[in-house]
Amino acid sequence: MINEAQNKLILALDVENLTECRQLLSELQGELKHVKIGHQLYAKGGIPFLKEIMAMDYKVFLDLKLHDIPNTVRMAVEALAGEGIWALTLHGAGGRAMLEDAKAGRDKVGGEMNLLGVTVLTSMNNELWEEVTPGCAMSDALKARATVCADAEIDGLVCSPLDLPIINETKGKNLIKVVPGIRPSAGGDDQARTANPKGAIMAGADFLVVGRPILKAPDRLAALHTIVNEIKEGLQWKED
Ligand code: C5P
């Protein structure tokens with residue numbers, strides 16, 4: 001039985017190939033429920049691989065961050081909505097019409113697939129942001145994108161743990177909050193806006209996306225247990 005803390009963890013399956021992914025998924029069976037497939041494995045395995053993962057009793061989070069004209073996104077969502085996928089990402093920067101059309105596509109097919117809007121990538125620091133968005137405060141963009149996601153009535157948001165207080169000032173606070181950029185201790189990779197699992201849960205995250213802290217650990221199961229225990233502490237804090 002998956003407990004509440006395990007259920008809040010989404011493992012990012014950012015591994016080299018399908019064989020390695022299958023091996024990892026069988027090692028971790030019963031330890032968590034949600035797994036995230038990104039562009040790389042989706043390119044290699046497509047829908048049949050997603051079905052294989054679902055048959056192992058995992059829920060699939062397909063992280064394609066769709067960002068295109070509304071009609072193109074709607075057609076892509078329609079193609080995916082009936083496949084039993086738990087959640088699909090769209091980019092919040094795509095704007096209201098794109099998000100509304102995506103939802104219309106999902107609703108037309110009638111599947112259960114959650115649509116999650118990415119606010120600002122967790123790898124963006126202020127310097128990278130300013131370079132492509134001169135004169136716009138990141139916090140203003142976050143608020144605007146979270147509000148547009150709520151107005152378009154999609155199901156959730158993807159944001160940095162550090163952005164949760166800002167998001168919670170907007171209508172976006174009522175959406176499911178899926179939070180990458182989780183680091184149990186200080187790390188030196190491309191993630192810029194991070195928090196530990198307990199802090200992210202305390203700040204209002206509903207699900208945590210974790211990749212490298214588990215994938216690159218010498219003992220992946222032990223690393224997973226450490227993270228789940230920290231999630232448990234965060235949940236306990238919320239109850240008290
Ligand atoms: O290895 P790490 O824990 O940094 O993995 C985080 C995962 O979350 C990656 O697969 C990355 O693509 C994804 N992600 C992110 N920031 C977002 C949305 C998704 O890091 N805003």
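In which sense, right-handed or left-handed, does H2 pass H3? The close-ups below take up this question and others, using a predicted model.

**View 1. Helix H2 crosses helix H3.** The crossing is right-handed. Helix H2 covers residues 18–27 and helix H3 covers residues 39–55. Their axes come within 11 Å, at a crossing angle of roughly 35 degrees. From H2, look for Leu 18, Cys 21, Arg 22 and Leu 25. Facing them from H3 you will find Leu 41, Lys 44, Gly 45, Phe 49, Glu 52 and Ile 53. Sorted by class, the H2 contact with H3 has six nonpolar, three charged and one polar residue.

**View 2. Strand S7 pairs with strand S6 and is joined to strand S8.** Strands S6 (residues 156–158) and S7 (residues 176–179) pair in the parallel sense, with three bridges between them.

**View 3. Residues surround the ligand.** There are 18 of them, and the closest are Asp 14, Lys 36, Thr 122, Arg 183 and Arg 212. The side chain of Thr 122 places an N or O atom 2.7 Å from a nitrogen atom of the ligand. For Arg 183, an N or O atom of the side chain is 2.6 Å from a ligand oxygen atom. At Arg 212, look to the backbone instead: a polar backbone atom there is 2.7 Å from an oxygen atom of the ligand.

Definitions and conventions. Residues are numbered from 1 along each chain as its sequence is written. This is a predicted model: local features need pLDDT of at least 70, side-chain atom pairs count only at pLDDT 80 or more; totals for chains, interfaces and linings use all residues. Side-chain values use heavy atoms; hydrogens and water are left out. Axes are lines fitted to C-alpha atoms, for helices over the stretch in contact, and angles run from 0 to 180 degrees between N-to-C directions. Helices (H or I, at least four residues) and strands (E, at least two) are DSSP runs, numbered from the N terminus. A crossing is left-handed if the near helix is turned anticlockwise from the far one by less than a right angle, and right-handed if clockwise. Contact means heavy atoms within 4.5 Å. Ala, Val, Leu, Ile, Met, Phe, Trp, Tyr, Cys and Pro count as nonpolar, Asp, Glu, Lys and Arg as charged, and the others, Gly among them, as polar. Two strands pair if DSSP finds at least two bridges between them. A residue is near a molecule or strand if one of its heavy atoms lies within 4 Å of it. A polar contact is a pair of N or O atoms within 3.5 Å; within protein, one must be able to donate a hydrogen and the other to accept it, and residues adjacent in sequence count only if both atoms are side-chain atoms.
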